Amino acid sequence: MSEVAELEALEAGLTLSRFTYEDAWALGTLLVGLARERRAPVAIDIRRGAQQLFHCALPGSSADNDAWIDRKRRVVERYGESSYLVGARFRAKGTTFEQSSRLDPDRYAAHGGSCPVVVEGAGVIGSVTVSGLPQAEDHALVVEALGRLRASAPGAAAE
(Lines give C-alpha, C1' and ligand atoms only; values in the text may rest on other atoms or scores of the structure.)
Protein backbone atom coordinates (compact mmCIF):
# COMPACT_ATOMS: atom_id res chain seq x y z
CA MET A 1 0.00 0.00 0.00
CA SER A 2 1.34 3.45 -0.89
CA GLU A 3 1.97 6.12 1.73
CA VAL A 4 -0.95 8.13 0.34
CA ALA A 5 -3.33 5.15 0.53
CA GLU A 6 -2.21 4.35 4.09
CA LEU A 7 -2.75 7.96 5.20
CA GLU A 8 -6.16 8.09 3.48
CA ALA A 9 -7.28 4.88 5.21
CA LEU A 10 -6.03 6.09 8.58
CA GLU A 11 -7.77 9.44 8.19
CA ALA A 12 -11.05 7.81 7.12
CA GLY A 13 -11.15 6.00 10.47
CA LEU A 14 -10.99 9.20 12.52
CA THR A 15 -14.49 10.55 11.85
CA LEU A 16 -16.21 11.58 15.08
CA SER A 17 -19.90 11.31 15.95
CA ARG A 18 -19.77 14.81 17.49
CA PHE A 19 -17.32 17.53 18.52
CA THR A 20 -18.42 19.71 21.42
CA TYR A 21 -16.52 22.22 23.55
CA GLU A 22 -16.12 19.43 26.11
CA ASP A 23 -14.72 17.14 23.40
CA ALA A 24 -12.21 19.83 22.41
CA TRP A 25 -11.12 20.11 26.06
CA ALA A 26 -10.86 16.31 26.38
CA LEU A 27 -8.80 16.10 23.17
CA GLY A 28 -6.55 18.95 24.22
CA THR A 29 -5.91 17.60 27.69
CA LEU A 30 -5.29 14.14 26.22
CA LEU A 31 -2.68 15.61 23.87
CA VAL A 32 -1.06 17.51 26.74
CA GLY A 33 -0.92 14.32 28.80
CA LEU A 34 0.61 12.29 25.98
CA ALA A 35 3.14 15.03 25.24
CA ARG A 36 4.13 15.36 28.90
CA GLU A 37 4.59 11.58 29.24
CA ARG A 38 6.92 11.69 26.23
CA ARG A 39 8.60 14.95 27.26
CA ALA A 40 7.62 16.34 23.86
CA PRO A 41 8.33 20.08 23.46
CA VAL A 42 5.16 20.85 21.54
CA ALA A 43 2.49 23.45 21.10
CA ILE A 44 -1.10 22.23 20.62
CA ASP A 45 -4.01 24.01 18.93
CA ILE A 46 -7.63 22.92 18.46
CA ARG A 47 -10.17 24.89 16.44
CA ARG A 48 -13.77 24.63 15.36
CA GLY A 49 -14.19 26.88 12.37
CA ALA A 50 -12.40 30.13 13.09
CA GLN A 51 -12.72 29.75 16.88
CA GLN A 52 -9.72 28.55 18.86
CA LEU A 53 -11.08 26.15 21.49
CA PHE A 54 -7.78 24.99 22.99
CA HIS A 55 -4.15 26.06 22.94
CA CYS A 56 -1.23 24.94 25.05
CA ALA A 57 2.51 25.44 24.78
CA LEU A 58 4.68 22.99 26.69
CA PRO A 59 8.25 23.57 27.89
CA GLY A 60 10.71 23.59 25.01
CA SER A 61 8.21 24.93 22.49
CA SER A 62 8.46 28.47 21.13
CA ALA A 63 6.61 31.08 19.11
CA ASP A 64 8.00 29.34 16.02
CA ASN A 65 5.76 26.38 16.85
CA ASP A 66 2.75 28.70 16.86
CA ALA A 67 3.74 29.93 13.39
CA TRP A 68 4.06 26.32 12.18
CA ILE A 69 0.63 25.56 13.66
CA ASP A 70 -0.91 28.40 11.65
CA ARG A 71 0.80 27.28 8.43
CA LYS A 72 -0.19 23.62 8.81
CA ARG A 73 -3.75 24.49 9.90
CA ARG A 74 -4.25 26.60 6.76
CA VAL A 75 -3.45 23.52 4.64
CA VAL A 76 -6.15 21.54 6.47
CA GLU A 77 -8.63 24.39 6.03
CA ARG A 78 -7.87 24.65 2.31
CA TYR A 79 -7.70 20.94 1.40
CA GLY A 80 -9.94 19.33 4.04
CA GLU A 81 -7.30 16.66 4.69
CA SER A 82 -4.36 16.32 7.04
CA SER A 83 -1.34 18.46 6.28
CA TYR A 84 0.77 15.27 6.16
CA LEU A 85 -1.53 13.63 3.57
CA VAL A 86 -1.48 16.76 1.41
CA GLY A 87 2.32 16.78 1.46
CA ALA A 88 2.41 13.05 0.67
CA ARG A 89 0.17 13.57 -2.39
CA PHE A 90 2.65 16.08 -3.80
CA ARG A 91 5.62 13.80 -3.03
CA ALA A 92 3.82 10.89 -4.77
CA LYS A 93 3.68 13.05 -7.91
CA GLY A 94 7.44 13.58 -7.75
CA THR A 95 7.28 17.17 -6.56
CA THR A 96 6.82 19.11 -3.33
CA PHE A 97 4.02 21.19 -1.95
CA GLU A 98 6.31 24.23 -1.94
CA GLN A 99 7.20 23.76 -5.62
CA SER A 100 3.78 22.94 -7.01
CA SER A 101 0.93 24.18 -4.81
CA ARG A 102 1.22 27.80 -5.94
CA LEU A 103 0.58 28.81 -2.31
CA ASP A 104 2.78 31.11 -0.24
CA PRO A 105 5.10 28.88 1.87
CA ASP A 106 5.15 31.60 4.54
CA ARG A 107 1.40 30.99 5.02
CA TYR A 108 1.00 27.27 4.17
CA ALA A 109 3.03 24.21 5.18
CA ALA A 110 2.09 20.68 4.12
CA HIS A 111 4.08 19.12 6.96
CA GLY A 112 2.69 16.57 9.37
CA GLY A 113 0.91 17.66 12.50
CA SER A 114 -2.48 19.08 11.55
CA CYS A 115 -5.57 16.93 11.02
CA PRO A 116 -9.12 17.88 10.21
CA VAL A 117 -11.81 17.36 12.81
CA VAL A 118 -14.43 15.48 10.80
CA VAL A 119 -17.94 14.90 12.19
CA GLU A 120 -20.41 12.40 10.75
CA GLY A 121 -23.02 14.19 8.67
CA ALA A 122 -21.20 17.54 8.86
CA GLY A 123 -17.78 16.94 7.29
CA VAL A 124 -14.72 18.97 8.27
CA ILE A 125 -15.63 21.34 11.09
CA GLY A 126 -12.22 22.21 12.50
CA SER A 127 -8.64 21.16 13.05
CA VAL A 128 -6.25 19.82 15.65
CA THR A 129 -2.59 20.68 15.27
CA VAL A 130 0.66 19.83 17.04
CA SER A 131 4.07 21.36 16.35
CA GLY A 132 7.47 20.71 17.87
CA LEU A 133 8.46 17.19 16.82
CA PRO A 134 9.59 15.82 13.44
CA GLN A 135 6.57 15.94 11.12
CA ALA A 136 5.79 12.20 11.18
CA GLU A 137 5.78 12.28 15.00
CA ASP A 138 3.58 15.41 15.12
CA HIS A 139 1.13 13.63 12.80
CA ALA A 140 1.23 10.37 14.76
CA LEU A 141 0.52 12.18 18.04
CA VAL A 142 -2.57 13.88 16.62
CA VAL A 143 -3.82 10.65 15.02
CA GLU A 144 -3.34 8.73 18.29
CA ALA A 145 -5.27 11.33 20.27
CA LEU A 146 -8.12 11.55 17.74
CA GLY A 147 -8.35 7.76 17.72
CA ARG A 148 -8.56 7.67 21.53
CA LEU A 149 -11.19 10.42 21.56
CA ARG A 150 -13.23 8.54 18.97
CA ALA A 151 -12.96 5.28 20.94
CA SER A 152 -14.12 6.99 24.14
CA ALA A 153 -17.11 8.74 22.55
CA PRO A 154 -20.63 7.74 23.65
CA GLY A 155 -21.75 4.77 21.56
CA ALA A 156 -18.23 4.04 20.33
CA ALA A 157 -18.32 0.44 21.60
CA ALA A 158 -21.38 -0.22 19.44
CA GLU A 159 -19.70 0.91 16.24
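**Notes on the helix packing and cores**

1. Asp-23 sits in helix H2 (helices are DSSP runs of H or I with at least four residues, strands are E runs with at least two, numbered from the N terminus). Beyond its neighbours within four places in sequence, Asp-23 is in contact with Arg-18 and Leu-149, contact being heavy atoms within 4.5 Å.

2. Before going on, please keep in mind that this is a predicted model, in which local features need pLDDT of at least 70, side-chain atom pairs count only at pLDDT 80 or more, and totals for chains, interfaces and linings use all residues. Residues are numbered from 1 along each chain as its sequence is written, and side-chain values use heavy atoms, with hydrogens and water left out.

3. Now the helix pair. The axes of H2 and H6 come within 10 Å and cross at roughly 130° (axes are lines fitted to C-alpha atoms, for helices over the stretch in contact, with angles from 0 to 180 degrees between N-to-C directions). H2 and H6 are therefore oblique to each other (under 35 degrees is roughly parallel, over 145 roughly antiparallel, 65 to 115 roughly perpendicular, the rest oblique).

4. Who makes this contact? H2 contributes Asp-23, Ala-26, Leu-27, Leu-30, Leu-31 and Leu-34, while H6 brings Leu-141, Val-142, Glu-144, Ala-145, Leu-146, Arg-148 and Leu-149. By class, the residues of the H2 and H6 contact are ten nonpolar, no polar and three charged (Ala, Val, Leu, Ile, Met, Phe, Trp, Tyr, Cys and Pro are nonpolar; Asp, Glu, Lys and Arg charged; the others, Gly among them, polar).

5. The largest nonpolar core has 27 residues, and Phe-19, Leu-27, Leu-31, Val-128 and Leu-146 have the most contacts inside it (such a core is a set of buried Ala, Val, Leu, Ile, Met, Phe, Trp, Tyr and Cys joined through side-chain atoms within 4.5 Å). Elements that each supply at least two residues of this core include H2 (21-37), strand S4 (123-131) and H6 (135-152). A second, separate core of seven residues includes Phe-90 and Tyr-108.

6. Finally, helix H4 (residues 83-92) is largely enclosed by the rest of the structure, because seven of its ten residues are buried. Phe-90 is one of the buried residues in H4. Their cover includes helix H1 (3-12), helix H3 (63-79) and H6.

Terms used
Buried < 20%, exposed > 50% of the residue type's maximum accessible area, 1.4 Å probe, protein only.
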